[in-house]
Amino acid sequence: MPAAPVDEAEGGKPVGGRLSRAARGALADIGPLRDLPDYRRLWFGQTVSAIGQQMTAVAVAVQVYAMTGSAFATGLVGLFSLVPLVALGLWGGAVADTVDRRKLGMIGSAGLAAVSALLAVQALLGSGVVALLYAAVAAQAGFFALSSPARSSMIPRLVPREQLPAANALNTVGMNLGMTVGPMLGGLLIGVYGAQAAYLIDTVAFGATLYAMWRLPAMRPLTDNGRRASVLDGLRFLRDQPNLRTSFLADLAAMIFGLPRALFPALAVGFYGGGPGTVGLLVAAPAVGALIGALFSGWVGRVYRHGAVILAAVAAWGLSIAAFGLIRELWLGLLFLAAAGCADTVSMIFRNTMMQVAAPDEMRGRLQGIFIVVVAGGPRLGDFESGTAAALTSPAVSVVTGGLASVAAVLLLAARRPAFLHYDSRHPTP
């Protein structure tokens, strides 16, 4: 048998072994899942719940459209979720900084499970009341916004600082599994068994999150200065911390200027001569790219200049969106959208890590609450911006100029805040 090829520069080690190590280094670092049982249970529970919640989102949209036959009525689902997300996201962040975060997370998850159970009952009974679905969506958004800052701010208490980038990459994997697997599985189940099947599975799925949180230690505040946590204090803290503020502004620039999802129906027809199926592909492409980016995130733990990577990732997002606006081949357009999703994942990993490392524990809940507002409000402002620009010019011009505006915003942030480019996670400053 011939000997395996070796690389002399590597001291005669087999080439195959070196390639295998390189491949392992490129894949997501599963160290937090392997080494930290509390984090492992929480990650699994939240991933299962994310899949269930996306199934429920599809089921609600299907039910509302079946009851009304109106795309406008179906679109109102997003509006009914936005207000609770913004209002309770900020308040939930303040609450998370004053109570046991574990208990708050359990209350939110139990509330979400209860709403899914009620949705299952109304589907089984065939109530036909659209207002009930709107109320359920608002309640779901409220429970999510109340508990999400608590769940997110638990991570730095469970994971050592050096493993936070890997943990945030794994969190992104779980989130994008929910966004890709959930709708597909939900659509299949709804088509065969009805909306009640999706709701029932979502209800059961929350058991995984509740069990994970039940096994956690208490997550009470590390410091107690005798003052009630204030939302305004969180906003003031963010105003006075230039690095954290810049990370939020970079994300807003990407979402407001460079997110053309409101134009996907028009682009599907105008660019590609397609229909609803093409719209579905356009919607799914960024999530697929984001999942791929998270799966191949083994390198993130070896990078310390988080600010520079965030700005580079947002610039890559903008350039990918601008290129998408110039393309008329569907497969190539989907490729650029996937590239944008991958860049967004990189930005999210490092933004979350910066917030968790640079912010003190007593402020993490409120910052996570503000983060929810940015994540919920930014894309909706982006829908308005892209739709307005398309009405004044054309969908293609709106997409291209929006992507380039994201790049211009990044360059402006880099010029106004050069210290952000030199932010070093080994010596974090908010």
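Predicted model: local features only at pLDDT ≥ 70, side-chain atom pairs only at ≥ 80, totals over all residues.
1. Helix α10 (residues 242-257) packs with helix α14 (residues 330-358) at an angle of about 155°, the two axes being 10 Å apart. Because angles over 145 degrees are classed in this way, α10 is roughly antiparallel to α14, and α10 passes α14 in a left-handed crossing.

2. On the α10 side of this contact are Asn243, Leu244, Ser247, Phe248, Asp251 and Met255, which meet Asp344, Arg351, Met354, Met355 and Ala358 of α14. Sorted by class, the contact comprises six nonpolar, two polar and three charged residues.

3. The aromatic pairs in the model number four. In one of them, Phe271 and Tyr272, the ring centres are 5.8 Å apart and the planes stand at 80°, so the pair is edge-to-face; both Phe271 and Tyr272 are buried.

4. Phe271 also forms a tilted aromatic pair with Phe324, with 6.5 Å from centre to centre and 50° between the planes. This pair connects distant parts of the chain, given that Phe271 sits in the loop between α11 (264-270) and α12 (276-295) while Phe324, 53 residues apart from it, lies in helix α13 (residues 306-326). Phe324 is buried, as is Phe271, and ring pairs join Phe271, Tyr272 and Phe324 into a cluster.

Terms used
Residues numbered from 1 in each chain as written. Heavy atoms only, no water. Axes fitted to C-alpha atoms, helices over the stretch in contact; angles between N-to-C directions. Helix = DSSP H or I, 4+ residues; strand = E, 2+ residues; numbered from the N terminus. Parallel < 35°, antiparallel > 145°, perpendicular 65-115°, else oblique. Left-handed = near helix turned anticlockwise from the far one by under 90°. Contact = heavy atoms within 4.5 Å. Nonpolar A, V, L, I, M, F, W, Y, C, P; charged D, E, K, R; others polar. Phe/Tyr/Trp six-rings, centres within 6.5 Å; stacked < 30°, edge-to-face > 60°. Buried < 20%, exposed > 50% of the residue type's maximum accessible area, 1.4 Å probe, protein only.
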